[in-house]
Amino acid sequence: MLPSFIPYQVEDCYSVLKTMKAVYFLAAFVLLGLASKLASASDPSPLQDFCIAVNDAKNGVFINGKLCKDPKLATPEDFFFSGLNIPGNTSNQVGSMVTPVIVSGLNTFGISLVRIDFAPYVGLNPLHTHPRATEILVVVQGTLYVGFVTSNPDNRLFTKVLYPGDVFVFPLGLIHFQFNIGHTNAVAFAALSSQNPGVVTIANAVFGSDADINPDVLAKAFQLDKNIVNQLQSRFWSDNDNRN
């Protein structure tokens, strides 16, 4: 005959096992959540010193699925850019120009840099988002009125007037803008936390899409007369990105 205390020991062990199983599940869930946050926080980390982008495979090798120049053939020019001191042409509808820094050696590093020029008083980098990057901007010349709007449901507007030496951060994915309110040219530099941050200019995307969004949809969404929507869709929506 088994001792009378054995059933209690078995029951205690079963309780401990259930508790341990719950702890393991919770730990796995937390680690999965942390991994997901880390994975979506920025571009993947490189597993090599550098991966200089090339357009053909003649002098390239595959590293982590990327076509890169053979590291033995790398030169200082692969990590160099000249001309960021040259003003961008702001003779366009919005009075601004975004000039990106194109450096092959930045490939896979999860960062990019642009110069933004603004025409006096009317220069605007219009409402836009970067779906894959946070932006940090520093003003080096002129006076800029900048801001961003938070997501639903609050839609809070954060704005600031910036002067030379001032810095402002635009969180990932949020609609933001920069506007020259001075009577002289303005210049700013911005760094973004992605090799390819993406740009969605709101007016261009909504009223200048290819093909047109149904005017009834836009009239309802913006509470506008359909004729106004048709007029907006018929306009030419210019781009202030120097890559195009």
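Strands here are DSSP runs of at least two residues, numbered from the N terminus. The model is predicted.

**Asn107**

Asn107 sits in a loop. That loop runs between β3 (96-100) and β4 (112-118). Is Asn107 buried or exposed? Asn107 is buried, because its relative accessible area is 9% and the cut-off for buried is under 20%. Which residues does Asn107 touch, once neighbours within four places in sequence are set aside? The contacts are Cys51, Ala53, Cys68 and Gln195.

**Aromatic pairs**

The structure has seven aromatic pairs. One of them joins Phe148 and Phe158, and this pair is stacked. Its partners come from distant parts of the chain, 10 residues apart. Phe148 belongs to strand β7 (residues 144-149). Phe158 belongs to strand β8 (residues 157-162).

Phe148 is buried, at 10% relative accessibility. Phe158 is partly exposed, at 29%.

Phe148 also pairs with Phe168, and this pair is tilted. Phe168 lies in strand β9 (residues 167-170), so the pair ties strand β7 to a part of the chain 20 residues away in sequence. Phe168 is buried, with a relative accessible area of 15%.

The two pairs are set out here.

| Pair | Centre to centre | Angle between planes | Type |
|---|---|---|---|
| Phe148 and Phe158 | 5.1 Å | 15° | stacked |
| Phe148 and Phe168 | 6.1 Å | 50° | tilted |

Which residues form the aromatic cluster? Phe148, Phe158, Phe168 and Phe170 make up one cluster.

Key:
Residues are numbered from 1 along each chain as its sequence is written. This is a predicted model: local features need pLDDT of at least 70, side-chain atom pairs count only at pLDDT 80 or more; totals for chains, interfaces and linings use all residues. Side-chain values use heavy atoms; hydrogens and water are left out. Helices (H or I, at least four residues) and strands (E, at least two) are DSSP runs, numbered from the N terminus. Buried means under 20% relative accessible area, exposed over 50%, partly exposed in between (1.4 Å probe, protein chains only). Contact means heavy atoms within 4.5 Å. Rings of Phe, Tyr and Trp (its six-membered ring) pair if their centres lie within 6.5 Å; planes under 30 degrees apart count as stacked, over 60 as edge-to-face and the rest as tilted.
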